[in-house]
Amino acid sequence: MSPVLDNIDLFVDGFLTSLEIILWALAGTLPLGVLIAACRVSPIPPLRAFGTFWVTTFRNTPLTVVLVFCAFGLPELGINRSFFFFGVLGLVLYTSAFVCEAVRSGINSVPAGQAEAARSIGLNFTQGLRYVVLPQALRTVVPPLGSVVIAMMKNSAVVGAFGVGGDLWSTGQRLTSALGYETFPIFVGGVAVGYLIITLTAGALLQVLERRVAIAR
Amino acid sequence: MSFRRGALAATMTATALVLAACGGSGDDTAAPEPEVAEAPEFEAGTTMAELAEAGTIRVGTKFDQPGFGLENLEGEVEGFDVEIAKIIAGGLGIAPEDIEWVQTPSAVREEVLEGDEVDMVVATYTINDTRKERISFAGPYYTAGQQIMVAADNDEITGPESFTDNPDATVCSVTGSTPAEQITEYLASPDQLVLFDEYSQCADSLSNGQVDAVTTDNVILLGFVSESDGEFKLVGEQFTEEPYGIGIPKGDVAFCEFIHETLRENEDAYTEAWEATAGQVEGTETPELPEFDECA
């Protein structure tokens, strides 16, 4: 454990950078995923087609390819932002496809009668979705959405390799290859523990959330 | 529409580097055949005796480092490190075709030695004290130096100190490399350092304006500059000394001394090896074999 304790400040910095990537990505991908899901179930064909296109594109492209596109492709088009921005953007785009599909499965689980009832009391599509269908749908999607979110937290390690640096994974790389520490204690004792702190906490929060929103049916 | 041609240029740079490093530009550049000793005698029980007896040696080198160790399209590795290993193998009576090459990226160089997966590592391996705790070094056989590469029209960055003076300037290097560590002491903020897995990605980012500079050992940068068609230039002096050593299992003094003797006896082959490989890049100087460190 001592290689980890000797470099605890590096690990704390790495942990905070990883956490920052994750929180920004969460803030972007959850609303975006719900929006794309709304497109996919909307009555307007072009919106449905757009939603399907989005999901097909980002769900079937490896995360590294999306990140290469963001970090190297966008600058070629004259868009210059920080690598942190590009990394978070790539993670948001990629994960939004999975969030969308989880949310859509929830929407489909709400009986059609609910949407019809909403229509019959004079709500339009957006209002019906917002006030009647989504609140019921989101309850059922907490477990699958939780898996998507935790997968995204682990995927944040890939972002570190695209110019961001200083996250947990890159910190491990730096300690083992530039500073010559042994791989096993650094990655098991430091990097893995860091990610576990994030993912286990998220898992616990999801449990609480699941109980909080549960309804007797 | 102002699509930049950076990506294309970088790809071409990489390809050209590969070609340059392969020494494939003419007959006069064919890699020299090192001398292979005939049935050399070694004291029983030494590493040399075991290797000479086995008739083969496992060498860890990089497969992706232009000029030093690069796998060509035929699947053979070529470069200065590769030639150095051939000279040493020759001293053991092992012919180049009997060497087993093991791909050894920076991150695993200590591990392959400790795990007895290779007999020695020749892989742009900078000698330092942390590494010496786990393995031993023979050499140095070459001293590289870190430098800075910028876009040709950049007059603001003139050396490593420019990063201290201008906290907005960013510099790219490779994750887990010694140059990435050494530039940090010149940085005003850690955010100035951008890290990738490969130098070609750094060159790409320099070309499309995502970073202001790239830093690593001069030889690697010169490769990019000479193939960039005037897009990149080097600025400032070399500001570090990176002695490249040959990694061997910890404490094998006899093997270390044998490597020193073999290299010293083959200084001509050393010069030829350089000129046929890393020396192909425009702007490099042919080095003298440096003074060796004490074997320990």
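Two residues are in contact if their C-beta atoms, placed from the backbone, lie within 7 Å. The model is predicted, with local features needing pLDDT of at least 70 and side-chain atom pairs counting only at pLDDT 80 or more, while totals for chains, interfaces and linings use all residues. Residues are numbered from 1 along each chain as its sequence is written, and chains are lettered from A in the order in which they are written.

**Exercise 1.** Find which residues of helix 4 of chain A meet helix 5 of chain A, and describe the packing.

Solution. Begin with the elements, helices being DSSP runs (H or I, at least four residues) and strands likewise (E, at least two), numbered from the N terminus. Helix 4 covers residues 63–76 of chain A and helix 5 covers residues 83–109. From helix 4 of chain A, Leu63(A), Val66(A), Leu67(A), Cys70(A), Ala71(A) and Leu74(A) meet residues of helix 5 of chain A, among them Phe83(A), Gly87(A) and Tyr94(A). The two axes, lines fitted to C-alpha atoms over the stretch in contact, lie 9 Å apart at an angle of about 140 degrees, where angles run from 0 to 180 degrees between N-to-C directions.

**Exercise 2.** Determine the order of the 3 strands in the open sheet of chain B.

Solution. The order is 2-3-4, with antiparallel pairing, and strands pair if DSSP finds at least two bridges between them. Strand 2 (64–65) and strand 4 (77–78) of chain B are the edge strands, each pairing on one side only. Strand 3 (residues 69–71) of chain B joins strand 4 over 2 bridges, and Glu71(B) stands opposite Val77(B).

**Exercise 3.** State how many residues of chain B are in contact with chain A.

Solution. There are 29, in contact with 20 residues of chain A, and strand 10 of chain B gives the largest share, 4 residues.
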